[in-house]
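Here is a briefing on one protein chain. It covers charged pairs, nonpolar cores and strand pairing.

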Amino acid sequence: MTDRSTLEQIFGENTKTIERYVDILIDRGIAWGLLGPREAEAVWPRHILNSAAVRELVPEGTTVVDVGSGAGLPGIPLALSRSDLEVVLLEPLLRRVTFLQGVIDELGLAPRVTVCRGRAEEHGVRYGAVLSRAVAPLARLIGWCAPLRSDDGQLLAMKGSSADREITEARPVLAEHDLTAQVITVGGDAAGATATVVRMVPRQMR
């Protein structure tokens, strides 16, 4: 458990809500198979603070889509750390959508946070930020997510140590969509948890 003062710096008035969300994750989330049993002990640094770290890259008032949201990561921690954002949790699997809708209702996150069942390549709505975490290799992910980006929007793919290699492998797809990519490390200040993000924007915005 992260100390409360750190949580309050990140989540402010939503600190109790993020704590309730963690309780749901380590109970219902594990029971439903959305998190592994061994992940309960590391849920704060590995999932919550890691997800919230991406808030540094999202402009004020942006509408964000969390592609392949799963258990609500990173979308829910991001929304609770940034009350100015509207977040859509996009998830194709009915079981996960049911879980997410239950979380939204229980935590009272609507209408600022909503869940939508569907696949990115079929969604057809455009956003200021298209966010994903551990969904697919970058070359495949760009093809799914680039059409969801508004003209001045960005793609934010949360990755690990493979980020540089995936950018190299994705160069043809990046060129096809006229995007440039850079690896950015965020977090690590108050939170003590960092995240590696591949930020992709139109070449003229670089």
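Glu 106 and Arg 28 form a salt bridge, with the closest N and O atoms 2.7 Å apart. A salt bridge here is a side-chain nitrogen of Lys or Arg within 4 Å of a carboxyl oxygen of Asp or Glu. This is a predicted model: local features need pLDDT of at least 70, side-chain atom pairs count only at pLDDT 80 or more, and totals for chains, interfaces and linings use all residues. Residues are numbered from 1 along each chain as its sequence is written, and side-chain values use heavy atoms, with hydrogens and water left out.

**Salt bridges**

- By this rule the count comes to nine salt bridges.
- Glu 106 sits in helix 5 and Arg 28 in helix 2 (residues 15–31), so their pair ties together parts that are 78 residues apart in sequence. Helices (H or I, at least four residues) and strands (E, at least two) are DSSP runs, numbered from the N terminus.
- Glu 106 is partly exposed, at 38% relative accessible area. Arg 28 is also partly exposed, at 25%. Buried means under 20% relative accessible area, exposed over 50%, and partly exposed in between (1.4 Å probe, protein chains only).
- Arg 165 pairs with Glu 169 in a salt bridge, the closest N and O atoms being 3.3 Å apart. These two are four residues apart in helix 8 (residues 163–169), so about one helical turn separates them.
- Arg 165 is partly exposed, with a relative accessible area of 46%. Glu 169 is partly exposed at 48%.
- Arg 203 and Asp 178 meet through their side chains in a salt bridge (3.5 Å, N to O). This pair links distant parts of the chain, 25 residues apart. Arg 203 lies in the segment after strand 7 (194–202), and Asp 178 in the loop between helix 9 (171–176) and strand 6 (179–187).
- Arg 203 has a relative accessible area of 43% and is partly exposed. Asp 178, at 37%, is partly exposed.

**Nonpolar cores**

- The largest nonpolar core has 47 residues. Such a core is a set of buried Ala, Val, Leu, Ile, Met, Phe, Trp, Tyr and Cys residues joined through side-chain atoms within 4.5 Å.
- Phe 11, Tyr 21 and Ile 48 have the most contacts inside the largest core. Helix 5 (residues 94–107) gives the most to this core, with six residues.
- Phe 11 touches Ile 18, Ile 48, Leu 49, Ala 52, Pro 77, Leu 80 and Ser 81, not counting residues up to four places away in sequence. Contact means heavy atoms within 4.5 Å.
- Another core lies apart from the largest one. It has 24 residues, among them Leu 90, Leu 141, Ile 142 and Val 173.

**Strand 5 and its partners**

- Nine of the 11 residues of strand 5 (residues 149–159) are buried, so this strand is largely enclosed by the rest of the structure.
- Strand 4 (residues 127–133) and strand 5 run parallel, joined by six bridges. Two strands pair if DSSP finds at least two bridges between them.
- Arg 133 stands opposite Met 158 in strand 5.
- From strand 4 the chain crosses through helix 7 (residues 138–145) to strand 5 in a right-handed β-α-β crossover. Right-handed means that, with the strands pointing away from the viewer, the path from the first strand over the helix to the second runs clockwise.
- Strand 5 and strand 7 run antiparallel, joined by five bridges. The bridge partner of Met 158 in strand 7 is Val 197.
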